[in-house]
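Subject: Structure handover

Hello,

Here is the structure for you to look over. My notes follow below it.

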Amino acid sequence: MKSYRKDLWFNIPTRRAFVNVTPQVEECLQDSGITDGIALINAMHITASVFINDDESGLHQDYEEWLEKLAPHEPVSKYRHNRTGEDNGDAHLKRQIMGREVVVAISEGRLDFGPWEQIFYGEFDGRRKKRVLVKIIGE
Ligand code: ZN
């Protein structure tokens, strides 16, 4: 069995953003030489997500509005977590609902997606360096 590991680094200039990381994961898959197996892609921070969905800008705006309704950033004083002096209580909750990681099957040297599936990095407390782990195992 082969095993491959890589960190993808991000420094998003805004507080929140969604980034399609599928091309970077495909590059990892090429580098790994693995043609049959499993890929794990996970955010290494508790205020960022990795998820799979459609690369469609209307949907991304819908996510943004939906998440702001569920866990509005303001007022920051409403979150007990922010009593620690932080202002990212909302980002922890947004991360929870959008998920930590995805697992994708590798078949015939490709990411074995359903229709329209793409992998996204979801940032909820940006403006600093963060990373995503890509781990691929198989043969
Ligand atoms: Zn925090």
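The accessible surface of the protein chain is about 7800 Å², and 50% of that belongs to carbon and sulfur atoms. Areas come from the Shrake-Rupley method with a 1.4 Å probe; for residues, only the protein chains shown count as cover.

This is a predicted model: local features need pLDDT of at least 70, side-chain atom pairs count only at pLDDT 80 or more, and totals for chains, interfaces and linings use all residues. Residues are numbered from 1 along each chain as its sequence is written, and side-chain values use heavy atoms, with hydrogens and water left out.

**Fold**

The protein chain has three helices and eight strands. Their order along the sequence is β-β-α-β-β-α-α-β-β-β-β. Both are DSSP runs: helices are H or I, at least four residues, and strands are E, at least two. The C-alpha atoms fill a box of roughly 50 × 30 × 20 Å along the principal axes. Of the 139 residues, 42% are buried (under 20% relative accessible area; exposed is over 50%, partly exposed in between; 1.4 Å probe, protein chains only).

**Zinc site**

The zinc ion is coordinated by His 81 (NE2), Glu 86 (OE), Asn 88 (OD1) and His 92 (NE2), at 2.1 to 2.6 Å. Donors are N, O and S atoms within 2.8 Å of the metal (3.2 Å for Na, K and Ca); water is not among the atoms, so sites may look incomplete. The donor spacing along the chain is H-x4-E-x1-N-x3-H. His 81 has 29% relative accessibility, so this residue counts as partly exposed. Glu 86, at 36%, also counts as partly exposed.

Best wishes
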